[in-house]
Amino acid sequence: MATDAADKDKPAYSFFFGSMGAASAIIFSALGAAYGTAKSGTGIAAMAVMRPELIMKSIIPVVMAGIIAIYGLVVSVLIAGSLSDSYTIRKGYIHLAAGLSVGFAGLAAGFAIGIVGDAGVRGTAQQPRLFVGMILILIFAEVLGLYGLIVAIYLYTK
């Protein structure tokens, strides 16, 4: 009888929820990072026509967008590493929630970084004093993804 109760907590589909958590962590955070990179990159390209000396200084939004994908990668690897024969349905649900939290937070942060980065580098080309303000706003956008990472790690440890 004890094995029946133990097997009840470990159905075959529990791996599905954990795998979807790992997948959603990297997919959504990479989508956010890709959007942030593309949107900021178009702003850098437009700005470089007028002020090519500011290209390296304006690459900061692209770097910050790339960090968002790293958050999703960390959570995805943690979840994938915990998939084993003793994987329970409870862990599957928790890992799905962890993956979704970092994934959607990364998606939102990537959108914010892309929009701010695009407008910020174009504005900095015309008025260099805007640079510090752009960096501050980018930090606030980046921290949205960090919040998702913190929640995901907290959930993962439960």
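Me: Let me begin with one stretch of chain. How much of residues 130-156 is helix, and how far apart are the end C-alpha atoms?

Reply: Happy to start there. Residues 130-156 are 100% helix and 0% strand, with 40 Å between the end C-alpha atoms. Do keep in mind that this is a predicted model. In UniProt, an unreviewed entry lists residues 130-156 as a transmembrane region, along with 12-38, 59-81 and 93-118.

Me: Which residues does the UniProt domain annotation cover?

Reply: The unreviewed entry gives "V-ATPase proteolipid subunit C-like" for residues 20-79 and 96-155. In the model, residues 20-79 are 85% helix and 0% strand, with the end C-alpha atoms 10 Å apart. Residues 96-155 are 95% helix and 0% strand, and here the end C-alpha atoms are 10 Å apart.

Me: Now helix packing. How do I read a crossing angle, and at what angle do H2 and H3 pack?

Reply: The general idea is to compare N-to-C directions: an angle under 35 degrees counts as roughly parallel and one over 145 as roughly antiparallel. H2 and H3 pack at about 175 degrees, with their axes 8 Å apart, and therefore they are roughly antiparallel to each other. The residues of this contact divide into 15 nonpolar, nine polar and no charged.

Me: At what angle do H3 and H4 cross?

Reply: Helix H3 (residues 60-81) and helix H4 (residues 89-126) cross at roughly 175 degrees, and their axes come within 9 Å. That makes H3 roughly antiparallel to H4. On the H3 side the contact includes Pro61, Met64, Ile68 and Val75, and on the H4 side it includes Val102, Gly106, Ala109 and Ile113. By class there are twelve nonpolar, five polar and no charged residues.

Me: Are H3 and H5 parallel or antiparallel?

Reply: Their angle is about 0 degrees, with the axes 10 Å apart, so H3 and H5 are roughly parallel to each other. Among the contact residues are Ile60, Ile67, Ile68 and Leu78 of H3 and Phe131, Leu138, Glu142 and Gly145 of H5. The class count is 18 nonpolar, one polar and one charged.

Me: Which residues have the most contacts inside the largest nonpolar core?

Reply: They are Ile68, Val75, Val102, Ile113, Met134 and Leu138, in a core of 25 residues.

Me: Let me follow one of them. Which residues does Ile68 contact beyond its neighbours within four places in sequence?

Reply: Ile68 is in contact with Ser29, Ala33, Gly106, Ala109, Ile113, Glu142 and Gly145. Ser29 in that list is found in helix H2.

Me: Is Ser29 buried or exposed?

Reply: For this reading, buried means under 20% relative accessible area and exposed means over 50%. Ser29 has 0% relative accessibility, so it counts as buried. Leaving out residues up to four places away in sequence, Ser29 touches Ser24, Ile68, Ala69, Gly72, Val102, Gly103, Gly106 and Leu107.

Me: Where is Phe28, and which residues does it contact?

Reply: Phe28 is in helix H2. Apart from neighbours within four places in sequence, it contacts Leu100, Gly103, Phe104, Gly106 and Leu107. At 23% relative accessibility, Phe28 counts as partly exposed. The C-alpha atoms of Phe28 and Gly72, 44 residues apart along the chain, are 7.8 Å from each other.

Me: Where does Met56 lie, and is it buried or exposed?

Reply: Met56 lies in the loop between H2 and H3, and at 65% relative accessibility it counts as exposed. Met56 and Leu107 are 51 residues apart in sequence and 25 Å apart in space, C-alpha to C-alpha.

How values were computed: Residues numbered from 1 in each chain as written. Predicted model: local features only at pLDDT ≥ 70, side-chain atom pairs only at ≥ 80, totals over all residues. Heavy atoms only, no water. Axes fitted to C-alpha atoms, helices over the stretch in contact; angles between N-to-C directions. Helix = DSSP H or I, 4+ residues; strand = E, 2+ residues; numbered from the N terminus. Parallel < 35°, antiparallel > 145°, perpendicular 65-115°, else oblique. Contact = heavy atoms within 4.5 Å. Nonpolar A, V, L, I, M, F, W, Y, C, P; charged D, E, K, R; others polar. UniProt positions renumbered as here; feature names shortened; annotations may be inferred. Core = buried A, V, L, I, M, F, W, Y, C linked by side-chain atoms within 4.5 Å. Buried < 20%, exposed > 50% of the residue type's maximum accessible area, 1.4 Å probe, protein only.
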